Amino acid sequence: MLQTFLKTALRNLLKNKKHALLNVLGLSVALAACIIVFLVIRYETSYDKHLKNYKNIYEVVTKDIDESGENYTVGIPFPAIKFLRQDFPQYQFAQIMVNYGGQVTARAEGQPVGKKFYERTGTFYAEPAAAKMFELKFLSGDEKVLDDVNSVALSQSTAEKYFGNWKDAVGKRINTDNAQYDLQVAAIFEDVPENSDFPFKIISSYKGFETHNEAGWPLDDWGANSSNHQIYMVIPPGANTATFEQYLTQFEKKYNKNNIDAKRTHFLQPLSNIHFDDRLSNNGQHITTKRSLYTLAFVGLLVILMACINFINLSTALAVTRSKEVGIRKVMGSSRTQLRVQVFFETALVVGSAACIALIISYIALPYVKNVFAAQGKLNLFTIDSLLFLLVITLVTIFLSGVYPAFIMGKFKPVEAIKNKINTSRVGSISLRRALVVLQFAFSQIFIIATVIAVSQMNFIRNADLGFTKEAILTIQMNADSVTRSRLNAFKDELLKRNDVKQVSFSFDAPSSQNSWASNFAFDKMEDKKFSVNLKMADENYIKTYDLKLAAGRFYNMSDTAREYVVNETLVKKCGFNNPKDALGKMLRLGGRRPMEVVGVVKDFKQQSLREAVLPIAIYPSKRWYQTAGIKLSTNNLVKSNTEIQQLWDKTFPEYVYQSSFLDDNINEYYQQEQRLSLMYKIYAALAIFISCLGLYGLISFMVVQKTKEVGIRKVLGASVQSIMYLFSKEFTVLIAIAFVLAAPAAWYLMHSWLKDFAYRIEIGAGVFAIAIAVSVIIAWITVGYKSLRAALANPVKSLRTE
């Protein structure tokens with residue numbers, strides 16, 4: 001029996017090769033898209049799950065509430081750890097200090113100078129408790145080396161990069177950021193998995209950070225709070241986290257005597273949520289919100305549904321041509337069940353073939369996935385769960401694609417079937433096939449609208465006025481140490497001798513950066529405000545280099561330390577002054593420092609991405625914190641300028657590695673996730689249109705065959721080519737219009753929700769929807785027009801010759 005089903009299924013598929021090919025092509029592309037979506041979602045949801053205590057580790061994070069709303073940071077004031085351990089000795093705490101980029105010099109025996117490297121991520125100061133909490137697997141030594149202020153632990157790959165063989169690394173020395181002391185490699189641990197938000201590469205002693213503290217971090221200051229300093233804890237299973245959460249809400253009021261009125265609280269962030277909460281940063285390469293994963297799963301579902309709709313439409317259309325076969329089978333004794341099993345066999349062959357091709361497409365596409373999705377690690381296709389997913393999605397697709405055609409074929413009445421008087425286009429009074437075409441084009445239009453809006457928002461971001469100049473500005477990362485500071489003026493003088501250098505400024509960071517440093521402050525009346533101020537330390541050329549605009553007053557004069565302040569318009573407004581000039585001459589106090597005069601107000605500029613609103617800012621000189629050189633260049637030959645400036649850097653700072661980037665490239669990195677989302681929408685919109693066109697082509701091909709004699713009669717009676725083409729295209733145009741009515745509100749809601757993540761965004765206008773329906777209609781007309789034109793140009797004598 002099974003052999004008969006298989007032979008008949010193969011015979012029918014070979015008889016209708018064109019439609020079988022269309023179905024296989026559409027389903028294989030859709031299944032490949034679903035496989036890739038599954039691999040990405042599986043990878044993103046696997047972050048940090050290699051830890052045994054994955055469900056019990058929490059991060060203590062900060063929420064600041066002020067007049068502008070809630071602000072979140074992973075940073076915790078340095079004094080906090082002492083009192084957390086004092087009040088909750090039963091819990092295990094660990095603090096780490098993250099170094100966001102720095103130079104490492106590896107010194108082998110007989111090489112006093114050593115090899116220089118720059119590490120963007122992976123450099124930490126940590127306590128032994130942190131190594132234990134995050135389950136580092138030591139190949140040599142153990143976590144106790146982190147108690148030694150002169151020791152350091154390296155990951156296996158980092159040790160091999162620095163010294164060749166990790167076994168030879170033990171006992172060697174490294175120097176970080178050209179410190180006045182070296183660290184001895186005392187331990188090697190296995191590389192942390194790629195799917196971890198804690199990419200440990202170099203771990204020095206936290207005690208060493210406290211002991212040396214060359215950067216002058218305010219270790220006793222409750223007011224200063226940096227995202228570099230983080231605290232984690234383990235809460236045993238079954239423990240009441242609500243009690244600890246309640247304690248954290250009152251923690252600052254209890255111990256922060258200098259800022260008792262501050263509306264700063266702390267709360268627990270589960271490790272399981274760190275990778276998905278975009279309110280807070282993490283130590284990994286990216287954050288993927290759960291909303292984006294749901295969107296991705298929804299996109300995969302839509303694509304596979306579209307392919308199933310294609311199959312159903314073509315299968316039910318072809319059912320008419322098989323009516324005599326079905327009628328004879330029923331007369332010869334076949335049951336409905338046997339007929340339906342036959343249809344499922346044919347469906348299984350098509351879907352099974354598509355699944356095999358989908359595996360090949362997925363394998364070929366995997367190297368390019370990194371350009372579309374945030375997942376940058378290795379996506380394993382041939383694993384048990386991947387193949388199990390493919391099996392499940394294949395079986396579901398067989399069921400979805402085959403159940404309705406099987407139901408239709410089983411309902412054929414023998415007499416009507418043999419006389420070929422079957423009409424499958426209607427179920428009750430509703431044309432199912434038309435409804436499915438409407439649904440398919442509604443999906444396509446949702447993708448098109450989403451693509452247009454995402455691309456428009458990205459164009460808006462690229463062209464938005466940030467309040468400063470970002471083009472042709474080269475930024476160089478520097479060390480904020482005494483050696484660097486002593487040579488800054490000489491380096492600047494050499495730069496300004498060049499014809500391609502217009503301005504040079506040294507600062508803590510550029511106007512827009514991912515660094516954030518906030519402080520409590522008092523303005524005018526010496527009472528702390530209920531919101532914090534962001535700090536920008538920069539020299540007197542900052543305003544000229546980045547083309548900041550003054551709203552009132554002047555920029556401060558040259559100085560190595562703070563003597564006067566410049567603030568932005570947002571701070572002035574939040575302090576109750578309507579006119580920026582009214583803020584001039586007022587006194588500003590940062591933290592516990594002495595008050596100093598405000599001499600200028602700059603117009604607001606975007607200091608982070610356009611997702612965030614502009615925050616209050618205070619700018620002042622402080623040479624000890626300068627770690628970024630901003631160089632404004634002419635735009636003649638930026639690559640050549642960068643190369644020659646590197647030569648000048650190597651001559652001036654031979655101990656330091658050259659680490660440069662252009663400011664506009666740095667800003668573009670803020671929107672990697674949105675750029676990938678925009679690209680994903682483009683690709684899936686193209687897939688949706690492609691699948692829709694396949695289905696449309698199959699249906700119009702079937703309609704042309706069914707209406708061959710009608711077209712012949714119309715032509716004999718004088719119908720024009722245009723009227724024949726209109727006959728075929730009018731129905732699909734109406735269906736696309738109906739699909740648009742369904743798609744427009746759904747797409748608007750989805751994209752409006754996405755745009756709400758941006759403080760600065762486009763408005764969704766009527767033009768977006770006009771583009772969507774225009775693209776749909778044009779594509780449909782092109783697809784339908786080809787076949788209908790051939791039918792219209794066919795010789796009517798041939799179509800009427802035979803019955």
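## Aromatic rings

Across the whole structure, which is a predicted model, a search finds 41 aromatic pairs. Phe88 and Phe244 form one that is edge-to-face, with 4.7 Å centre to centre and 75° between the planes. Phe88 lies in the loop between α3 (80-87) and β3 (92-99), and Phe244 belongs to helix α8 (residues 241-249), so this pair ties together parts that are 156 residues apart in sequence. Both Phe88 and Phe244 are buried.

| Lysine | Ring | Distance to ring centre |
|---|---|---|
| Lys574 | Phe531 | 4.3 Å |
| Lys606 | Tyr760 | 4.8 Å |

## A sheet and its helices

Four strands make up an open antiparallel sheet, in the order β16-β26-β15-β27. β16 (501-507) and β27 (660-662) are at the edges with a single partner strand each, so one side of each has no neighbour in the sheet. From one strand to the next, the twist averages 20°.

Strand β15 (residues 473-477) pairs with β27 over three bridges, and Leu474 stands opposite Phe662 in β27.

Helix α17 (residues 482-496) lies across β15, β16 and β26 (628-633), at about 165° to β16. Helix α20 (residues 638-652) lies across β15, β16, β26 and β27, at about 30° to β15.

## Confidence

The protein chain has a mean pLDDT of 84, and 89% of its residues reach 70 or more. Over residues 424-430, pLDDT stays under 50. Where pLDDT is low, the predicted coordinates should not be read in detail.

Note on methods: Residues are numbered from 1 along each chain as its sequence is written. This is a predicted model: local features need pLDDT of at least 70, side-chain atom pairs count only at pLDDT 80 or more; totals for chains, interfaces and linings use all residues. Side-chain values use heavy atoms; hydrogens and water are left out. pLDDT is the predictor's confidence in each residue, from 0 to 100. Contact means heavy atoms within 4.5 Å. Rings of Phe, Tyr and Trp (its six-membered ring) pair if their centres lie within 6.5 Å; planes under 30 degrees apart count as stacked, over 60 as edge-to-face and the rest as tilted. Helices (H or I, at least four residues) and strands (E, at least two) are DSSP runs, numbered from the N terminus. Buried means under 20% relative accessible area, exposed over 50%, partly exposed in between (1.4 Å probe, protein chains only). A charge sits over a ring if NZ of Lys or CZ of Arg is within 6 Å of the ring centre and within 35 degrees of the ring normal. Two strands pair if DSSP finds at least two bridges between them. Axes are lines fitted to C-alpha atoms, for helices over the stretch in contact, and angles run from 0 to 180 degrees between N-to-C directions.
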